[in-house]
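Please look over the model below. My notes follow it, point by point.

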Amino acid sequence: MQLDKAIQSRRSIRKYKSRTPSWKKIIEAIDAARYAPMAGNNFTLKFIFIDDDETIKEMGKWTSQEFVSTAKSAVVFISNPSRLTNAYGKKNGEVFCRQQAGAGIQNFLLKLEEYRLATCWVGLFNENKIKHLLGIPEDHQIEAIFPIGKSNETPGKRNVRDLNSFLYFNEYGKDRMKTISKPEGRYPEGY
Ligand SMILES: Cc1cc2nc3c(=O)[nH]c(=O)nc-3n(C[C@H](O)[C@H](O)[C@H](O)COP(=O)(O)O)c2cc1C
């Protein structure tokens, strides 16, 4: 799948078929996260692949999002921020840790999309309960949970904002794009 196509076709899917998705493809998608940029090349991510029905059901309970428990597989992204906070101080280290988790997650999502596996980024959950359920150490943080399956829904039309409303040139608020009327010729003045 072309990168453009994967970026544009990826959607959050919350209904899954009962068929178990290929664990090999899911592992390959996790593997893609390893290639994300990491501050000072400090790799802070860890992953838990889950295919146990009971555990997934419990995860549904602690996310308070019923669709999570209907998936046949799930992946949990975890970070251990200690190496980054040691290297860059608490504030920068914590920010970098979250940022590089996001970079890894996007690689993972695009690879799942290439394999036509459906998921939804779940960021709302009871962290203590999920940590306890999965035996995650106290000093690690859960970044997100991804229930995974074959899609059983057609998502509605996507609401992608117009680039004009938040792209500036040379200075915050300076917008040259608005002067271009032809959508196919959307180059800023002077380019
Ligand atoms: C940080 C983050 C947290 C999210 N948490 C949830 C969540 O807890 N439950 C959920 O159903 N969707 C969650 N989403 C998915 C968003 O609702 C979804 O990405 C957004 O509506 C755009 O739709 P799309 O992914 O189909 O483009 C989360 C997305 C992000 C980036």
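**Notes on the model**

1. Lys24 sits in helix α2 (residues 23–32); helices here are DSSP runs of H or I with at least four residues, strands are runs of E with at least two, and both are numbered from the N terminus. Lys24 counts as exposed because 9 other C-beta atoms lie within 10 Å. The cut-offs are 12 or fewer such atoms for exposed, 20 or more for buried, and partly exposed in between, with C-beta atoms placed from the backbone. From Lys24 to Glu66, 42 residues apart along the chain, the C-alpha separation is 26 Å.

2. A word on the basis. This is a predicted model, in which local features need pLDDT of at least 70 and side-chain atom pairs count only at pLDDT 80 or more, while totals for chains, interfaces and linings use all residues. Numbering starts from 1 along each chain as its sequence is written.

3. Strand β4 (residues 141–149) is mostly covered, with 7 of its 9 residues buried. Strand β2 (residues 73–79) runs antiparallel to β4, joined by 7 bridges; pairing requires at least two bridges found by DSSP. Ser73 has Ile148 as its bridge partner in β4.

4. Strand β3 (residues 118–119) also joins β4, antiparallel, through 2 bridges. Here Ala118 stands opposite Gly149 of β4.

5. Two domains are given: domain 1 (3–149) and domain 2 (160–191). Their bounds come from an automatic or database domain assignment. The C-alpha centres of domain 1 and domain 2 are 34 Å apart.

6. Now the ligand. Residues around the ligand include Arg11, Arg14, Trp121 and Arg158; being near means a C-beta atom, placed from the backbone, within 6 Å.
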